[in-house]
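Hi everyone, thanks for coming.

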Amino acid sequence: MTYILAIDQGTTSTRAILFDAGMQVAGTAQQEFTQHYPQAGWVEHDPEEIWETTVAVCRKVMADLDVSAKEIAGIGITNQRETTVVWDKSSGKAIHNAIVWQDRRTAAICEELRAAGHADMVADRTGLLLDPYFSGTKVKWILDTVPGARDRASAGDLLFGTVDSFLIWRLTGGASHVTDATNAARTLMYDIRKGRWSRTISDLLDVPQQMLPEVKDSAADFGTTDPGILGGAVPILGVAGDQQAATIGQACFQPGMMKSTYGTGCFALLNTGDQPVVSKNRMLTTIAYQLDGKPTYALEGSIFIAGAAVQWLRDGLGIIEQAAESGELALRADPGQDVILVPAFTGLGAPYWEPECRGGMFGLTRNSGPAEFARAALQSVAYQTRDLYEAMRSDWEDDSHHTVTLRVDGGMSASDWTMQSLSDLLGAAVDRPVMQETTALGAAWLAGMRAGIYPDQTGFADTWKLDRQFAPLMQPAAREAAYARWQRAVQAVIGV
């Protein structure tokens, strides 16, 4: 039996998944790690703990299945994006904790860059907004803050990487300092049109280019593991940031195909083909994947609160004991009430980008209760997806002939009620696949395709199987009236 090992290094846990020759999950191991919050708005991880959990879960899943390194044809890595590590080239030790994508400490740096008139140039080259979300200002902060770091960086003693780069460096014993185009595209320093690091931006941030990793295709030769780590040398053949890996795992290879992943938040990517689309609606322009030296571009939108709204019902309000109860409770809601929740608990993401606004509940009556709250929480995910959907279609459509295919994954996609509500409020079909491990599958396919044991794009797309398609049942007039109420509610919380 030949296997592919997928490493899924996420924000709260690290997983290792072994896929068999038929691209089916053979085994999984998972380990959580510590979240560090040094002060309000700051989020950090210990890079050593990320490394230790990565090695531990890889060894465990191999031991559980009695699989040796020689039976693994390749490794695919998918990772939390934008999280930033700076480490010493000689020792391999990080000089500061990893600064996580959620971290907001560089807001003042971003504001200074905006005030100096750099926002349009950065957006034109990178497709991104000047926001603390991305890696570039995090690197600047580390170099500015850690004593001696800037001198060491200038001397060529320090390296920067997103989590994939750090893990590859460690896995290969320091032989490979590399990343792929999808992760590079999230750093705020990569020119997505020219396919190279932007010296203008790295100079602006005072980040020496010698710190930056070599950028490769998403399926490429990234190096070979040190034999002592997994009991043998294994080639690393696939890398993609987690949301791009899910796009690949959903086989969204044609322009107009969109995937939406529902976890704590929600990330939606729309394949726009071989040309980057400049958003008029504050969407991000990014690289969906890069194969054979050719990037495929996407529009991306992020929702801060999706599954977290259900966690709020459970942990904050105590009206459910398990997240799975939310759909059943929503079914019992009074159809005569129009309760709307705007879950701006940590501000609003795309297309609003209003970090300071806070949530609100609208349309309450004396009879509003747990069922109406549950329905409002689940519908808030559908309404926010509609915001992204409308913005992306507006950005992408030059005429009326384009159609969008939406494929969903993530924990909330298991809720039939939520997915039906999503279809109703979008006025579009929603496709849920049989395979829910789309992120890990995307990384595995990249590696397996590169190794020659998995099919090409067309063959892989043919393996995608539909679990259920949700079609809209709501009347168009009712749909538009409901969405108009949502839009008024959003403007109300922004205006507070």
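Helices α1 and α6 cross in a right-handed way. Please keep in mind that this is a predicted model. The two helices pack at an angle of about 65°, and their axes are 11 Å apart. Which residues make the contact? From α1 we have Pro-47, Glu-48, Ile-50, Trp-51 and Thr-54, and from α6 there are Val-163, Phe-166, Leu-167, Arg-170 and Leu-171. Sorted by class, that contact of α1 with α6 has 7 nonpolar, 1 polar and 2 charged residues.

Let's stay with Arg-170 and Glu-48 for a moment. They form a salt bridge, with the closest N and O atoms 2.4 Å apart. Arg-170 belongs to helix α6 and Glu-48 to helix α1, so to speak two distant parts of the chain, 122 residues apart. Are these two buried or exposed? Both Arg-170 and Glu-48 are buried.

Now to the sheet. Five strands, in the order β3-β2-β1-β5-β13, form an open sheet with mixed pairing. At the edges stand β3 and β13, each with a single partner strand, so one side of each has no neighbour in the sheet. On average, neighbouring strands here are turned by 15° against each other, direction ignored. Strands β1 and β5 run parallel and are joined by 7 bridges, and Ala-6 stands opposite Gly-76 in β5. Our two helices come back here: α1 packs on the sheet, touching β1, β2, β3 and β5, while α6 packs on the sheet and touches β1, β5 and β13.

Next, another salt bridge, where the side chains of Glu-437 and Arg-15 meet at 2.7 Å, N to O. This pair also links distant parts of the chain: Glu-437 sits in the loop between β21 and α15, Arg-15 in strand β2, and they are 422 residues apart. Glu-437 counts as partly exposed, because its relative accessibility is 22%. Arg-15, at 14%, counts as buried.

For contrast, look at Arg-114 and Glu-111, whose salt bridge has its closest N and O atoms 3.0 Å apart. They are 3 residues apart in helix α2, so about one helical turn separates them.

One last stop: helix α14. How many of its 11 residues are buried? The count is 10, so this helix is largely enclosed by the rest of the structure. Among the buried ones are Trp-417, Met-419 and Leu-422. Just after α14, Gly-427 takes a positive phi of about 70°.

Conventions. Residues are numbered from 1 along each chain as its sequence is written. This is a predicted model: local features need pLDDT of at least 70, side-chain atom pairs count only at pLDDT 80 or more; totals for chains, interfaces and linings use all residues. Side-chain values use heavy atoms; hydrogens and water are left out. Buried means under 20% relative accessible area, exposed over 50%, partly exposed in between (1.4 Å probe, protein chains only). Helices (H or I, at least four residues) and strands (E, at least two) are DSSP runs, numbered from the N terminus. Two strands pair if DSSP finds at least two bridges between them. Axes are lines fitted to C-alpha atoms, for helices over the stretch in contact, and angles run from 0 to 180 degrees between N-to-C directions. Contact means heavy atoms within 4.5 Å. A crossing is left-handed if the near helix is turned anticlockwise from the far one by less than a right angle, and right-handed if clockwise. Ala, Val, Leu, Ile, Met, Phe, Trp, Tyr, Cys and Pro count as nonpolar, Asp, Glu, Lys and Arg as charged, and the others, Gly among them, as polar. A salt bridge is a side-chain nitrogen of Lys or Arg within 4 Å of a carboxyl oxygen of Asp or Glu.
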